[in-house]
There are 2 protein chains.
Amino acid sequence: MRTLPPCTIILFGATGDLARKKLFPALHKLHGELHEKTRIIAVGRRDYDDAGFRSEFVTACDLDKKGVSSFCKRILYHRLDFDEKEGYVALQRKLNNLDPEIRDRRIVYLATAPEAFTFIAEQLTKNGIAVKNPKHGWHRIVIEKPFGHDLTSARNLNKRLSKRFHERQMYRIDHYLGKEFVQNIMALRFTNPLFNRLWSHEHIDNVQIVANETATVGTRGGYYDTSGALRDMLQSHLLQMLAITTMEEPRSLSPDEIRGKKLAILKAISRDAKTKKSIVLGQYRAGVINGIMVPDYTAEPGVAKRSRTETFAAMRLTIKNKRWSGVPFYLRTGKALMHHYAEVVVTFKPQECKLFCDIARRPQENILAVRIQPDQGVELRFNLKDPENEHVTLPLSMEYSRAAEFGENSKEAYERLLGDVMVGDQTLFTRWDEVEESWKIVDALRVSNTKIHLYDAGTHGPDAARKLLTDEKREWFGNRSIQCLHCTK
Amino acid sequence: MRTLPPCTIILFGATGDLARKKLFPALHKLHGELHEKTRIIAVGRRDYDDAGFRSEFVTACDLDKKGVSSFCKRILYHRLDFDEKEGYVALQRKLNNLDPEIRDRRIVYLATAPEAFTFIAEQLTKNGIAVKNPKHGWHRIVIEKPFGHDLTSARNLNKRLSKRFHERQMYRIDHYLGKEFVQNIMALRFTNPLFNRLWSHEHIDNVQIVANETATVGTRGGYYDTSGALRDMLQSHLLQMLAITTMEEPRSLSPDEIRGKKLAILKAISRDAKTKKSIVLGQYRAGVINGIMVPDYTAEPGVAKRSRTETFAAMRLTIKNKRWSGVPFYLRTGKALMHHYAEVVVTFKPQECKLFCDIARRPQENILAVRIQPDQGVELRFNLKDPENEHVTLPLSMEYSRAAEFGENSKEAYERLLGDVMVGDQTLFTRWDEVEESWKIVDALRVSNTKIHLYDAGTHGPDAARKLLTDEKREWFGNRSIQCLHCTK
């Protein structure tokens, strides 16, 4: 177990949704590992004192009950309107009064609306709260996505931030990278010759990368309607998963070595006319998900009545390099779908069918599926003899399930990533050039006149997304009826 | 489901151990599939009439209770001293009086002591019970192992039998070939490119073939003491499993195509001085197996007091062809051991360790284990990130278990093989040239002055067998403590 150094965590947006749902629960889980002197300065607009914030807000977060009161002692509240300069002066005064061991090691976590990022950053440096070259200790900035809205805005944001901070101080969160089984893709590929030796167009037929949600936009309609699936999911999570699945083997596990290999993939991703034509966008309309009726997307609070924002996207990408020549990568993500899951599915090419081939039934392709959420594990689809019929085979599965092996206790993504910031490990944070390249891809693929297919909530999404694969005689792995791992979730 | 034709099954040795433990239970399980007219003529020395044999012997076999009385109606008893000629005349008379639909389709199953084979065969042809060229229908002979005692005796036996029957009439039983997961080795290899593409010395480090028993010689001491592990297990089961695991891909599933490919492997198996030196023989002495004390082998009934018969054998073979150049094949079998199981274990070569390599811990080899008994299934050992330590991996398993998928109802080996005889499928029966080649190997490896290592009953066998692998920096897969699938069996 690594040792987390004493530090101050200054959390902007401490009374927001993310703080309540993810950050305080993650910090609470980390509590036992945190240095005893580490303090959390919760910064928010609402009127609390320390005791009030602890008793009213923190205890109302989704925490395990164990050790909450001891965890709360780490937390101080600082009221501040993000756009009022006086609050920053007071914040810096408060920070300077902290124990010398934590005073100069500062993590500023920006979990606010992205519009506030640049103003806050300006105030941080002006008041010495976090600066480019601190005299003592270190200052680190954690930036929640979205990092920009498109290439231009992302560049503007980065220009402003990079004036005030070094790249090595900036921790751009993509919480998918913190998920154990996204990280495991690297271990799976590079420590298992059985897979590694076959990891190329010679042996792989296609790769599917899926992040499907059953959730609707819910209370996030205001933000989501200005974003959509391509900006919200493709630019970050899906492209990162694709890059990790396909990158060349890094020479070491150093952050910049890995991020360099990922960048090379992002640069090689197709964005030509053919790719643009393969994009299927969708928007959900009313339907039933897990027995609950949900409204049309356009009837959700905060969403424009005639919105054309996509809540679903599927596409066929290619990677223009030697290893992946000719291999299609099918990506899919959406809201209000039938099943909630994320996975990477690698289908191997079949060999010429010589034995156990019947007109009616032939051996199936070997398939390796990495399950990222809610299940965490690996499934391998393979063939054995049908016990009822000597001359044909049945497709069967071997599975490894993390929960079955280790219980449900694997580290949550935010818990993992917060620890990484404390020890200064940038591996699982996206570097600027990766973000920039991802926006280039999204901007290239966001064609304004792309048709928006309506789909019923609670389905697999628009039929056009299914056709994208069936036209090429393939199938979405997660839609197959042969197994139904996701059904009960 | 295939249709089994109406026929007569003439079972010599019907009151013996094999009939009671295996053949009647298998025929009973097949009962529902057997043609309604099919009859079983139970031939034995003991004095029964039909009713007595059914009520005293058949119902005392290890049968499911369901449908026993209806099954019994198929069975007729015929008393016969194998060495008295008159009995055969009466048997032929009885057969000729059977329903014309079954009268001329005859399976003669020789489940007697092997010494009786040639005399019985002579009487069969002399009396027209089973002949080389029957005028109507077909006559088939099923011959239990051992087929000979060494190359010379096997050749003699075969010479006598082949004078009386065509090779295509002879069904030499190796019941291991009837085991679902021995057959599955072919499907696993040839319908899964993930394995098939890596199935050679380029990617495989070593192969282990194991058939360990917890049973002692029990009541079979008299026979066993003249045989031993090499003749009893290596000549048949182990070499057949090795051949199926390593043979070239057949062009079709036709019996002679497959048996031809197996023969090519048997011919290529090393029997040089180096191979002979690698043989470890053992004999059990008193010990505790599953809580029960067992005596020295030499104290078992029927065993010579100063017997040098091996109850354990382990060895390192090589195959002199291009595919298997340099790959060691470790075979092991024995009685009175700690665990009862048979498996084929393929260990893949590791790649150069570049990532996730620690001085203390490196990724483990990928291992594919085919479990033949008592579990039936496939296990794949692979590596994932250690959830406790970012920089190293843990060896983990994916498993497919036949029982978990289909219940415990897969066909027993004898059930399967008896059906094959009825439809005339020789695939899973050993052809004479395979038997001959196997005896050549056993004869070459049986060096009279090989040391006999004593080992305690209830252990993994002699330490020299462990050393055989550890000297080459390898390990018996089944001895590893990391998993203990076999422990509870």
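1. The sheet in chain A is open and has 6 strands, ordered S3-S2-S1-S4-S5-S6, with parallel pairing. Strands here are DSSP E runs of at least two residues, helices are H or I runs of at least four, and both are numbered from the N terminus. Two strands pair if DSSP finds at least two bridges between them. Strand S3 (75-79) and strand S6 (170-172) of chain A sit at the edges, each pairing on one side only. From one strand to the next, the twist averages 20°.

2. A word on the basis: this is a predicted model, where local features need pLDDT of at least 70 and side-chain atom pairs count only at pLDDT 80 or more, while totals for chains, interfaces and linings use all residues. Residues are numbered from 1 along each chain as its sequence is written, chains are lettered from A and ligands numbered from 1 in the order in which they are written, and side-chain values use heavy atoms, with hydrogens and water left out.

3. Now S1 and S4. Strand S1 (residues 8-12) of chain A runs parallel to strand S4 (residues 105-110) of chain A, and 5 bridges join them. A:Ile10 has A:Val108 in S4(A) as its bridge partner.

4. Have a look at helix H15 too. Helix H15 (residues 413-423) of chain A lies across S1, S4, strand S5 (138-143) and S6 of chain A, at about 150° to S5(A) (axes are lines fitted to C-alpha atoms, for helices over the stretch in contact, and angles run from 0 to 180 degrees between N-to-C directions).

5. On to the two chains.

Terms used: Contact means heavy atoms within 4.5 Å.
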